Amino acid sequence: MAVFHSDLRAGRFLPPFTIGPRSARVLDRLGPGATTFPDDVVVEDVRTPDVLVRFYRPRYLSGPAPALLWLHAGGMIIGNRCQDDTTNIAFARTLGIIVASVEYRLAPEHPAPAALEDAYAALRRLVADPDVDPARVAVGGASAGGGLAAALALLAHDRGDVRPAFQLLLYPMLDDRTVLRTDLDTRHVRVWTPGSNRYGWTSYLGGAAPGDPAVSPYAAPARREDLSGLPPAWIGVGTLDLFYEEDAHYAARLLKAGVPCDFHVVHGAFHYFDALFRRKKVSIDFWRAQARALRAALAGPAGARDG
């Protein structure tokens, strides 16, 4: 029997909402609320020839700093570079790192590989930044952004000219074949439902249907057969998340391929719980686990503190 985490019991009352073309347009127009930027972090939107990126820089950096390329959630169909301002500022302040959030193109207007190529262009821009140590750059993201970060790690590995040091994957959207599964118990799934997942994948894959053998691993990283040689990873997901099984399987496959992977499970947590219930202890602990993983992977300043 599925049990909601004690901090997340209110999640029982979240409706089983499914995102489609009309609701996606409405949600995208709403966007995130305004964020107050602290004085010790400089926030700047930088437009490169290929993509718009929001940079978060600690005001008092000394020497080349570690960095995190961040890819937002939204099922590949909604979202923007601003929606994670709060956590990206916290990463920058707490760890003394530069964070770059990518405004990648969205489906269905821009199917795969548009978003991935945007992410790769942003990664190249971040690595070339004079304030960034190119040997200490992580890629990360949540949900669709987490899947995109995993795909970016694959693409960077294969192209060979940029080498991320770490993958930070929050409940990543990795496997289009989950759309076809009928054996999953989804009665307690919240926020990202099977119907939304079908629309997200169908939009992102363009001409290919979910489950089609021709789907590229650069679109659905779980399709990749050989995971060896990838950067170490941290994967965090709740047991009530639609992506729990695909994430657990990917973590196990990384380990089997010799890639260090910390699989962080939050019992009784559903998709996007940390954003919807940001002030709850379970969400704060989840973010702190990410911060510890980033600090260890990027060897941040000795004086960095937990947020």
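Which residue does the side chain of R105 meet in a salt bridge? I began my notes with this point, keeping in mind that the model is a predicted one.

**Entry 1: R105 and its partner**

I found that the side chain of R105 meets that of D118 in a salt bridge, with 3.0 Å from N to O. R105 sits in the loop between β4 (98-103) and α3 (114-127), whereas D118 belongs to helix α3 itself, so the pair ties together parts that are 13 residues apart in sequence.

**Entry 2: other salt bridges**

I searched the whole structure for such pairs and recorded 19 salt bridges. One of them links D129 with R125, where the closest N and O atoms are 3.2 Å apart. Here D129 is buried at 4% relative accessibility, and R125 is partly exposed, its relative accessible area being 26%.

I also looked at D285 and K281, whose side chains meet in a salt bridge at 2.6 Å, N to O. Both residues lie in helix α8 (residues 281-298), and because they are 4 residues apart there, about one helical turn separates them. D285 counts as partly exposed at 31% relative accessibility, and K281, at 56%, counts as exposed. Elsewhere I noted a network in which salt bridges that share partners join D45, R54, R81, D85 and E103.

D45 stands opposite R54 in β2. Strand β1 (residues 41-47) and strand β2 (residues 52-58) pair in the antiparallel sense over 7 bridges, and a hairpin of 4 residues joins β1 to β2.

**Entry 3: the sheet**

In what order do the 8 strands of the open sheet lie? I read the order as β1-β2-β4-β3-β5-β6-β7-β8, and the pairing is mixed. The edge strands are β1 and β8 (261-266), each of which pairs on one side only. From one strand to the next, the twist averages 20°.

**Entry 4: helix α8**

I returned to α8 to compare its length with expectation. At 1.5 Å a residue, its 18 residues should span 26 Å, and the end C-alpha atoms are 25 Å apart, which agrees. I listed the buried residues of α8, among them V282, F286, W287, L294 and L298. Just after the helix, A299 takes a positive phi of about 50°.

I then asked how α8 lies against helix α2 (residues 85-95): the two axes come within 11 Å and cross at roughly 45°. The helices α2 and α8 are therefore oblique to each other, and α2 passes α8 in a right-handed crossing.

**Entry 5: helices α3 and α4**

Are α3 and α4 roughly parallel or roughly perpendicular to each other? I took the packing first: α3 and helix α4 (residues 144-159) pack at an angle of about 65°, and their axes are 10 Å apart. As angles of 65 to 115 degrees count as roughly perpendicular, the two helices α3 and α4 are therefore placed in that class. In this arrangement α3 passes α4 in a right-handed crossing.

For α4 I repeated the length check: its 16 residues should span 22 Å at 1.5 Å a residue, and its end C-alpha atoms are 22 Å apart, which agrees. I also noted that α4 is mostly covered, since 13 of its 16 residues are buried. The residue that follows α4 is G160, whose phi is positive, near 80°.

How values were computed
Residues are numbered from 1 along each chain as its sequence is written. This is a predicted model: local features need pLDDT of at least 70, side-chain atom pairs count only at pLDDT 80 or more; totals for chains, interfaces and linings use all residues. Side-chain values use heavy atoms; hydrogens and water are left out. A salt bridge is a side-chain nitrogen of Lys or Arg within 4 Å of a carboxyl oxygen of Asp or Glu. Buried means under 20% relative accessible area, exposed over 50%, partly exposed in between (1.4 Å probe, protein chains only). Two strands pair if DSSP finds at least two bridges between them. The expected span of a helix is 1.5 Å times one less than its number of residues. Axes are lines fitted to C-alpha atoms, for helices over the stretch in contact, and angles run from 0 to 180 degrees between N-to-C directions. Angles under 35 degrees count as roughly parallel, over 145 as roughly antiparallel, 65 to 115 as roughly perpendicular and the rest as oblique. A crossing is left-handed if the near helix is turned anticlockwise from the far one by less than a right angle, and right-handed if clockwise.
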